[in-house]
Amino acid sequence: MAARVKAPGTPPSGAAAPSESGAFLAACRCRPAAYRPIWIMRQAGRYLPEYRELRARVSFETLIRTPELAAEATLQPLKRFELDAAILFSDIMTPLEGLGVALSFEPGPVVREPLRTRAQIEALPELVPQRDVPFVLDTVRLVRASLPRGAPLIGFAGAPFTLLCYLVCGRPSKEFAAARAFLYTHPADAQRLLERLSDAMAAYLAAQAAAGAQALMLFESWAGLLAPREFAQFALPAVRRLVAALRGLAVPLIYYVNQGAVLMPAVAGLDVDVVGVDWRASLTRVRRVLGPDKAVQGNLDPAALFAPPEQLKRCATAVLDEAGSAPGHIFNLGHGIWPDTDPDAVARLIDCVHEYR
Ligand code: 1CP
């Protein structure tokens with residue numbers, strides 16, 4: 001397996017020098033970048049042999065709660081590949097432990113006592129990140145101190161509705177039936193829970209930025225389960241509240257909306273810098289709906305990494321072409337990379353994106 005150690009932010013041979021803040025942050029702001037930046041959702045994780053080695057020694061929970069190890073996992077993909085950004089190694093459920101929610105990972109998150117009543121929702125304490133999840137903030141500081149030159153660090157949180165899905169259902173699910181039924185049977189309680197999550201995640205993300213995160217991303221992984229009406233009624237106001245609380249920070253905000261092609265007209269009104277989309281959406285159409293002031297992130301099908309090299313290149317080029325030549329495209333997969341992906345395919349994809357003109 002080829003070792004590919006080169007400082008991210010270093011332009012591929014023949015390319016112009018990257019802008020001051022690097023290709024990723026420039027693209028977040030819809031400013032011209034020297035080349036198309038790329039990072040990969042779930043870029044740290046089980047497809048990497050070095051991650052599996054780390055996990056053979058410690059549990060996922062220990063990994064996340066030990067800043068030296070979480071920093072190592074964050075940096076692993078950056079050491080192997082010419083990625084243009086790092087993403088904090090943690091989980092969307094981690095800060096909920098700070099709210100007193102008992103969790104295990106099997107490997108997806110399992111909530112010991114799912115939230116179903118107003119009393120449980122009101123009993124959630126306020127999240128004080130420095131007190132409740134100091135290990136996350138220590139990880140951010142450690143990573144920032146040792147990132148290869150030019151690569152910024154993305155901090156993240158789950159978007160309120162996506163967190164509600166796990167909190168109400170208690171475990172991963174295809175349909176999140178109990179969570180969606182909760183919206184219809186207890187709309188006021190659902191709204192209250194979304195508000196509480198919005199405020200907790202605003203505090204959590206602000207603390208990550210204060211510790212050194214240079215961009216903040218919200219994962220709305222289960223947005224596609226909602227009809228546009230329920231998305232506008234429940235998920236969107238909670239994100240709007242969160243974004244309003246963070247807008248004073250000097251870091252770009254990214255909102256990833258999985259299976260959200262039909263939700264784009266509603267998302268266009270959100271004051272975020274970047275919208276991430278899955279592979280079912282046409283980037284040309286998404287950009288038309290979002291307008292020239294929002295950047296887009298995505299959206300190669302994670303399955304395309306299993307194609308032969310020439311076909312993978314064609315698929316990646318199609319995504320790049322679809323995004324168009326206007327500034328403000330960050331290449332990514334449309335959802336997380338699969339654990340059985342060959343790391344060499346990732347290296348080929350990154351080269352292909354960087355060489356694209
Ligand atoms: O066995 C293991 O090592 C644990 C597997 C694992 C990993 C590596 C989980 C459990 N979480 C993570 C890390 C993680 N999760 C990261 C950092 C890694 C990186 O991106 O480099 C991030 C950003 C997340 C975010 C996350 N967790 C999301 C949003 C992104 C997405 O994929 O939609 C979601 C939905 C989760 C929940 C979760 N945690 C873990 C799993 C396996 C899942 C998915 C469960 C499901 O399918 O519902």
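Predicted model: local features only at pLDDT ≥ 70, side-chain atom pairs only at ≥ 80, totals over all residues.
**Close-up 1. Asparagine 258 in the loop between S6 and H13.** Asparagine 258 is located in the loop that lies between strand S6 and helix H13 (264-267). Its relative accessibility is 2%, and asparagine 258 therefore counts as buried, since the cut-off for that term is under 20% relative accessible area. The side chain of asparagine 258 and the side chain of tyrosine 256 make a polar contact at 3.1 Å. When neighbours within four places in sequence are left aside, the residues in contact with asparagine 258 are Glu220, Ser221, Trp222, Ala223, Gly224, Asp278, Arg280, Gly334 and His335.

**Close-up 2. The open sheet of seven strands.** Seven strands make up an open sheet with parallel pairing, and their order across the sheet is S1-S4-S5-S6-S7-S8-S9. The edge positions are taken by S1 and by strand S9 (329-333), each of which has a single partner strand, so that one side of each remains without a neighbour in the sheet.

**Close-up 3. Strand S4 between its neighbours S1 and S5.** Strand S4 covers residues 153-158, and six of its six residues are buried. In a regular strand, side chains alternate between the two faces of the sheet. Both faces of S4 are covered, with Leu153, Gly155 and Ala157 buried on one side and Ile154, Phe156 and Gly158 buried on the other. Strand S1 (residues 86-87) pairs with S4 in the parallel sense through two bridges, and alanine 86 has leucine 153 of S4 as its bridge partner. The pairing of S4 with strand S5 (residues 215-220) is likewise parallel and extends over five bridges; here alanine 157 stands opposite leucine 218 in S5.

**Close-up 4. Strand S7 and its pairing with S6 and S8.** Strand S7 (residues 274-277) is covered on both faces: Val274 and Gly276 are buried on one side, while Val275 and Val277 are buried on the other. Strand S6 (residues 253-257) runs parallel to S7 and is joined to S7 by four bridges, with valine 277 of S7 as the bridge partner of valine 257. Strand S8 (residues 295-300) also pairs with S7 in the parallel sense, over three bridges, and alanine 295 in S8 is the bridge partner of valine 274. Together with helix H14 (residues 283-290), strands S7 and S8 make a β-α-β unit that is right-handed.

Technical notes:
Residues numbered from 1 in each chain as written. Heavy atoms only, no water. Buried < 20%, exposed > 50% of the residue type's maximum accessible area, 1.4 Å probe, protein only. Pairing = 2+ DSSP bridges. Right-handed = clockwise from strand over helix to strand, strands pointing away. Polar contact = N/O pair within 3.5 Å; in protein donor to acceptor, adjacent residues only side chain to side chain. Contact = heavy atoms within 4.5 Å.
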